[in-house]
Protein chains: 2
Amino acid sequence: MKQISGGVCAAKGFTASGVHCGIRKNKTKKDLALIYSEKKAAAASVYTTNLVKGAPITVTKNNIADGYAQAVICNSGNANTCNANGIEIAEKMCDLLSEKLGVDAKDVIVASTGVIGQPLDITPIANGIPALVEGLSASSDDAATAIMTTDTVEKCVSYSFEIGGKECRIGGIAKGSGMIHPNMATMLVFVTTDAAVSPAMLQKALSEDVKSSFNMVSVDGDTSTNDMVSVLANGMAGNEEITCEGADFDEFCKALNAVTTHLCRMIAGDGEGATKLLECIVTGAASKETAVTVSKSVICSSLFKAAMFGADANWGRVLCAIGYSGADVDVTKIDVAFKSVAGEIVVCVDGSGVEFSEEKAKEILTEKEIQVLINLKSGDSDATAWGCDLTYDYVKINGDYRT
Amino acid sequence: MKQISGGVCAAKGFTASGVHCGIRKNKTKKDLALIYSEKKAAAASVYTTNLVKGAPITVTKNNIADGYAQAVICNSGNANTCNANGIEIAEKMCDLLSEKLGVDAKDVIVASTGVIGQPLDITPIANGIPALVEGLSASSDDAATAIMTTDTVEKCVSYSFEIGGKECRIGGIAKGSGMIHPNMATMLVFVTTDAAVSPAMLQKALSEDVKSSFNMVSVDGDTSTNDMVSVLANGMAGNEEITCEGADFDEFCKALNAVTTHLCRMIAGDGEGATKLLECIVTGAASKETAVTVSKSVICSSLFKAAMFGADANWGRVLCAIGYSGADVDVTKIDVAFKSVAGEIVVCVDGSGVEFSEEKAKEILTEKEIQVLINLKSGDSDATAWGCDLTYDYVKINGDYRT
């Protein structure tokens with residue numbers, strides 16, 4: 001497996017585009033994205049577990065119930081959520097795209113992201129679709145930027161891998177960056193592959209993958225109403241279709257996980273206002289569940305996040321977050337260390353503090369990517385969670401988001 | 001029942017003091033507090049549910065196992081938590097106070113608050129106890145300021161009430177202000193009363209009270225390792241001792257709740273970096289549990305808190321937080337309004353947005369105390385939760401807390 005360029009257009013038969021259609025006032029910010037597969041593709045999605053769901057989620061669920069799709073349309077600037085006519089508008093987006101693109105409206109995945117509770121006007125979208133379709137190209141960039149909200153960097157990755165002697169490609173784009181605390185689903189992520197995978201196996205691969213990828217990311221503890229990850233597999237790589245578990249399926253899952261994990265790190269590192277990517281690695285847990293609970297509790301702690309912003313080795317906050325996580329742990333066994341490219345420093349052994357160089361700790365914590373290593377010394381399970389620091393800019397961005 | 005002055009010294013027979021003993025480097029900040037009852041008092045406490053517990057909690061639990069106590073000693077600047085010799089130090093604090101004050105060491109409630117995981121030196125405490133005992137007076141102020149950490153205002157309240165024709169008094173002091181997300185227990189709160197209440201009924205009253213008072217407060221979602229509320233009732237008001245449920249017990253619970261609710265609002269309003277007190281009032285819930293879950297989810301949302309800091313009527317974040325709360329609600333029935341002394345404005349009806357004046361909303365949300373009113377229109381249960389906005393100063397305070 002190796003990283004390649006191309007994003008969602010790396011896989012054979014996929015093109016993409018993005019335009020400014022006018023949902024956003026700022027004309028330099030694209031707000032409508034399209035991903036298209038020249039061949040109908042197996043489709044799988046996971047969605048937010050928030051009871052308040054964006055209208056596009058209902059429409060997408062319905063459209064891919066048969067396991068197939070051919071295009072993705074996604075706008076930013078408005079979440080089309082908590083609007084009385086939301087479903088109608090989301091369906092209209094599919095219809096308008098269908099007419100212009102010549103695909104069945106039922107083969108369209110539709111998504112929206114932005115402010116909740118403001119009616120979404122169909123006019124700019126209707127006006128933008130012709131240019132959107134005409135703009136389809138082998139570059140992922142316009143689509144990747146068009147789905148961004150408060151993201152500061154475009155999130156895009158792709159890999160090539162081999163199944164049964166055939167070279168396959170898989171790639172994805174994502175948007176973060178606030179209201180990020182996925183639960184059984186995630187923020188907006190679109191993944192394309194030319195591997196041939198049956199809809200059932202594609203869904204199985206995705207549902208399993210998100211448990212250790214997107215569900216382990218938190219920026220602010222708020223689970224969005226519009227979270228969605230969709231994968232399209234159009235089979236144009238020519239491998240024998242994967243229809244059951246086995247070596248081919250495992251190979252595909254590994255490639256999928258390379259894409260999703262990469263995007264997770266990008267989403268966490270570009271969390272709203274973030275200056276640092278935080279990675280919490282828990283080992284020695286008595287069960288997978290304990291490892292997951294502990295790592296997410298630490299990565300979600302406002303106090304820990306603020307300490308990391310200040311490069312303050314305040315490990316007591318790590319212990320505190322483990323203690324209230326709800327996991328059944330022996331607090332007298334816990335070891336904690338901080339690590340970055342500048343080195344590693346042990347700060348807590350057996351649940352009590354040890355002497356360490358504050359100077360060295362500062363040096364380690366001043367880096368852009370920080371690992372907090374927690375060994376529970378009670379078993380063999382582990383888990384990794386991703387998050388970011390809590391900064392002035394998070395407050396600034398969210399103090400007046402709607403204007 | 002009427003509000004009176006005096007704090008923890010309002011009730012007959014209680015005196016208090018506070019000194020700077022040297023745990024903190026800043027000599028102008030008191031760091032050691034004492035509350036003393038001239039008569040042994042019935043004692044009740046609730047404690048943090050964090051598995052990582054401060055050593056003083058273990059010692060206090062043990063000391064009041066017989067239902068009685070006579071003094072409270074509390075230091076700030078160091079939590080005496082995650083230290084190998086923590087229990088020994090906490091017991092030493094009781095012993096030293098016992099010698100000087102002439103009370104049984106087993107009748108001392110001990111508490112600590114501050115940084116986790118730094119050894120607590122007994123020397124400054126030993127040196128400070130003589131002045132602490134000599135300083136006992138009818139003023140609550142020195143004790144109230146000595147337990148403060150990042151608090152900006154002293155938290156103190158007292159009421160008089162009547163039981164069986166006898167005038168009784170009850171008062172309390174509290175410290176907030178970060179790591180505040182009590183769960184079955186709370187931050188540090190000490191309440192004194194001269195009402196005569198048996199230890200069992202005192203514990204019953206307190207355990208019931210915290211469900212609707214301190215457990216409904218959140219500043220940052222972090223449940224402290226050192227949360228504790230203690231009540232001392234010395235019986236010097238001369239009422240017939242309350243030993244069972246009935247009118248007298250109800251009267252006492254009402255007075256207790258007046259004190260605790262007042263302190264809750266003070267703690268939330270003085271949350272770290274806070275500029276506003278947020279009160280989330282949920283009505284029309286199908287069950288008490290639903291009302292509690294929904295109100296706490298909203299008050300804990302970082303996005304909602306940041307929007308309130310910016311006086312931005314971003315009600316979509318309220319709906320979002322209700323949706324991911326885990327409560328079983330019909331999202332198509334939810335009404336939301338914002339209220340303050342500047343007026344009230346309805347922003348969402350039946351789960352969808354309604355038109356409203358942004359100007360009026362801004363005016364309402366610019367006030368210091370904001371209510372978000374949520375009607376689930378599905379039953380008769382209600383709940384109130386208290387929190388504060390998320391501000392630049394929260395990040396600043398917690399980015400470098402230890403230095």
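1. In this predicted model, the cover over the buried residues of α3(B) includes β2 (14-19), β3 (32-47), β4 (68-78) and α2 (86-101) of chain B. The buried residues in question are B:Ile125, B:Gly128, B:Ile129 and B:Leu132.

2. Helix α3 of chain B comprises 13 residues, 122-134. From first C-alpha to last it reaches 19 Å, close to the 18 Å expected at 1.5 Å a residue.

3. Chain B contains an open sheet of six strands with mixed pairing, in the order β13-β12-β11-β14-β10-β15. Its edge strands, β13 and β15 (381-388) of chain B, each pair on one side only.

4. Within chain B, strands β10 (residues 277-285) and β14 (residues 369-375) run parallel and are joined by seven bridges. Opposite B:Thr283 stands B:Asn375 of β14(B).

5. Helix α6 (residues 247-269) of chain B lies across β10 and β15 of chain B.

6. The contact between the chains takes 52 residues from chain A and 52 residues from chain B. On the side of chain B that touches chain A, two or more residues each come from α8 (302-309), α9 (316-323), β13 (352-353) and α11 (392-399) of chain B. The largest share, six residues, is that of α9(B). By type, the residues of this side of chain B divide into 24 nonpolar, 23 polar and five charged.

Notes. Residues are numbered from 1 along each chain as its sequence is written. Chains are lettered from A and ligands numbered from 1 in the order in which they are written. This is a predicted model: local features need pLDDT of at least 70, side-chain atom pairs count only at pLDDT 80 or more; totals for chains, interfaces and linings use all residues. Two residues are in contact if their C-beta atoms, placed from the backbone, lie within 7 Å. Helices (H or I, at least four residues) and strands (E, at least two) are DSSP runs, numbered from the N terminus. Ala, Val, Leu, Ile, Met, Phe, Trp, Tyr, Cys and Pro count as nonpolar, Asp, Glu, Lys and Arg as charged, and the others, Gly among them, as polar. The expected span of a helix is 1.5 Å times one less than its number of residues. A residue is buried if 20 or more other C-beta atoms lie within 10 Å of its own, exposed if 12 or fewer, and partly exposed in between; C-beta atoms are placed from the backbone. Two strands pair if DSSP finds at least two bridges between them. Axes are lines fitted to C-alpha atoms, for helices over the stretch in contact, and angles run from 0 to 180 degrees between N-to-C directions.
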